[in-house]
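Me: I have a new structure open and want a quick tour. Can you walk me through it?

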Amino acid sequence: MVKPVKNTKFDEYLEFPCPFTFKIMGVANVNLTDQVLTKLQAIAPGDYAPKVKPSSKGTYESITVVATVTSKEHIEQIYNEIGSLEDVRYVL
């Protein structure tokens with residue numbers, strides 16, 4: 001589980017709504033991308049085309065996905081929900 005995100009300053013730097021790129025790094029397994037997209041669809045419905053890249057040894061993978069966010073709280077919620085997945089190690 002990833003450390004919870006709160007009290008960010010995204011609202012000082014972004015105008016909402018806007019596209020926002022999330023990079024998720026976690027343990028490579030068959031379901032990680034599906035788990036991330038399921039959480040993301042519940043919070044920010046949309047058509048997503050994630051880019052998945054395995055680590056050099058294949059133990060981990062990174063998933064890059066762009067979502068339309070509506071507020072700093074929305075960004076924080078996405079970070080926290082995806083970070084709560086068991087196999088996720090980092091959300092950037």
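Predicted model: local features only at pLDDT ≥ 70, side-chain atom pairs only at ≥ 80, totals over all residues.

Me: Which residues of H2 are buried?
Reply: Leu 32, Thr 33, Val 36, Leu 40 and Ile 43 are buried. They cover an arc of only 95° around the axis, so they sit on the same side of H2.

Me: Why would residues a few places apart point the same way?
Reply: An α-helix has 3.6 residues a turn, so residues three or four places apart point the same way.

Me: And what is on the face turned away from the buried side of H2?
Reply: That face carries Thr 38 and Ala 42, which are exposed.

Me: How far apart are the ends of H2?
Reply: The end C-alpha atoms are 17 Å apart. H2 has 12 residues (32-43), and at 1.5 Å a residue they should span 16 Å, so the two values agree.

Me: What does Leu 40 touch?
Reply: Leaving aside neighbours within four places in sequence, Leu 40 is in contact with Pro 45, Tyr 48, Val 65, Ala 67, Ile 78 and Ile 82.

Me: What does Gln 41 touch?
Reply: Gly 46 and Tyr 48, not counting residues up to four places away in sequence.

Me: How far is Gln 41 from Ala 67?
Reply: They are 26 residues apart in sequence. In space, C-alpha to C-alpha, the distance is 9.6 Å.

Me: Now the sheet. What is the strand order?
Reply: The order is S2-S3-S1-S4, in an open sheet of four strands with antiparallel pairing. S2 and S4 stand at the edges. Each has a single partner strand, so one side of each is left without a neighbour in the sheet. Neighbouring strands are turned by 25° against each other on average, direction ignored.

Me: What holds paired strands together in general?
Reply: Strands of a sheet pair through backbone hydrogen bonds, either parallel or antiparallel.

Me: How many bridges join S1 to S3?
Reply: 10 bridges, and the two strands run antiparallel. Phe 20 stands opposite Ala 67 in S3.

Me: And how many join S1 to S4?
Reply: Three bridges, again with an antiparallel run. Met 25 has Tyr 90 in S4 as its bridge partner. Ile 24 stands opposite Val 91 in S4.

Me: How do the helices lie on the sheet?
Reply: H2 lies across S1, S2, S3 and S4, and runs at about 20° to S3. H3 packs on the sheet too, touching S1, S3 and S4. The direction of H3 makes about 15° with that of S1.

Me: Which residues of H3 are buried?
Reply: Lys 72, His 74, Ile 75, Glu 76, Ile 78, Tyr 79, Ile 82 and Gly 83. The buried residues of H3 pack against helix H1 (10-13), S1, H2, S3 and S4.

Me: Why does His 74 count as buried?
Reply: His 74 has a relative accessible area of 11%, and buried means under 20%. Not counting residues up to four places away in sequence, His 74 touches Ile 43, Ala 44, Thr 68 and Val 69.

Me: How many residues are in the largest nonpolar core?
Reply: 22 residues. Those with the most contacts inside it are Phe 22, Ile 24, Leu 40, Ile 78, Ile 82, Val 88 and Val 91. S1, H2, S3, H3 and S4 each supply at least two residues of this core.

Me: What about the backbone? Which peptide bond is cis?
Reply: The one from Phe 16 to Pro 17, with omega near -5°. Pro 17 is found in the loop between H1 and S1.

Me: And which residue has a positive phi although it is not a glycine?
Reply: Asn 7, at about 55°. Asn 7 is found in the segment before H1. Asn 7 is exposed, with a relative accessible area of 63%.

Definitions and conventions. Residues numbered from 1 in each chain as written. Heavy atoms only, no water. Expected span 1.5 Å × (residues − 1). Buried < 20%, exposed > 50% of the residue type's maximum accessible area, 1.4 Å probe, protein only. Arc of directions from axis to C-beta. Contact = heavy atoms within 4.5 Å. Pairing = 2+ DSSP bridges. Axes fitted to C-alpha atoms, helices over the stretch in contact; angles between N-to-C directions. Core = buried A, V, L, I, M, F, W, Y, C linked by side-chain atoms within 4.5 Å.
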